[in-house]
Amino acid sequence: MHFTNFYNQDLKNTLDENFSNIVTENVGPFIYSTIKTIRPKKILEIGAGYTSIFFAHALKEIEEEDSFDIKLLNEELVDPSWERRHRLLNKNYQFNPDSKLIIIDNFSKKKHDTARPVDNAIKKLNLNKYIDLIEADGMNLQKINE
């Protein structure tokens, strides 16, 4: 089992089906790796798009890893292939199951829109749990606050 899985077949197929002519292909894996490293509680993204899937996918994997790590910490006999991970685990770290990607988008673009395909990708990859979508103009802070 290897947790860094940002190009599994489901993710790759979903990205290919929902996004085209994207210039951020290299940013997605970078964002994914950053989120996996810092493990934030909240992420704010202004404008839904290609990178939204990487943010949410990283949160999903962090939750899966945390579940695995909790079991690993509680095992008396550790599988030798996981011994190093067991030794390196921070026994005080606890994943926040309320970690969310908060996306603010007004869905106003009609052409070249990357926000609308995000809904399809989120559903197909079962990432709804990790995303709160606020339909608003990212520049209207009063509306966002409401």
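Predicted model: local features only at pLDDT ≥ 70, side-chain atom pairs only at ≥ 80, totals over all residues.

Trainee: Okay, back to D105. Where is it found, and is it buried or exposed?

Mentor: D105 is found in strand β2. It is buried, with a relative accessible area of 11%. Buried means under 20% relative accessible area, exposed over 50%, and partly exposed in between (1.4 Å probe, protein chains only).

Trainee: And the overall layout? How many helices and strands are there?

Mentor: The chain has six helices and three strands, in the pattern α-α-β-α-α-β-α-β-α along the sequence. Helices (H or I, at least four residues) and strands (E, at least two) are DSSP runs, numbered from the N terminus. Of the 146 residues of the chain, 40% count as buried.

Trainee: Which residues touch the most other members in the largest nonpolar core?

Mentor: I35, I53, L101 and L127, out of 24 residues in that core. The elements giving two or more residues to this core are α2, α3, β2 (100-105) and α5 (115-124), and the largest share, eight residues, comes from α3. By nonpolar core I mean a set of buried Ala, Val, Leu, Ile, Met, Phe, Trp, Tyr and Cys residues joined through side-chain atoms within 4.5 Å.

Trainee: Tell me about L101. What is it in contact with?

Mentor: Leaving aside neighbours within four places in sequence, L101 is in contact with I43, E45, S52, F55, A56, L59, Y130, I131 and D132. Contact means heavy atoms within 4.5 Å. Across the chain, among contacts between residues at least 6 apart in sequence, 77% join residues at least 24 apart.

Trainee: What about F95?

Mentor: F95 is found in the loop between α4 and β2, and F95 counts as buried because its relative accessible area is 11%. With neighbours within four places in sequence left aside, F95 is in contact with L59, I62, E63 and D66. F95 and I62 are 33 residues apart in sequence and 7.7 Å apart in space, C-alpha to C-alpha.

Trainee: And A121, buried or exposed?

Mentor: Buried, at 0% relative accessibility. A121 is found in helix α5, and A121 and E17 are 104 residues apart in sequence but 8.6 Å apart in space, C-alpha to C-alpha.

Trainee: Switching topic: what lines the largest pocket?

Mentor: There are 14 lining residues, of which D69, R85, L88, L89 and N90 lie nearest its centre. α3 (50-74) and α4 (83-88) each supply at least two residues of the lining, and the largest share, four residues, comes from α3. On a 1 Å grid over the protein atoms alone, a pocket is an open set of points where a 1.4 Å probe fits, with protein on both sides within 12 Å along at least five of seven lines; lining residues have an atom within 4 Å of a point.

How values were computed
Residues numbered from 1 in each chain as written. Heavy atoms only, no water.
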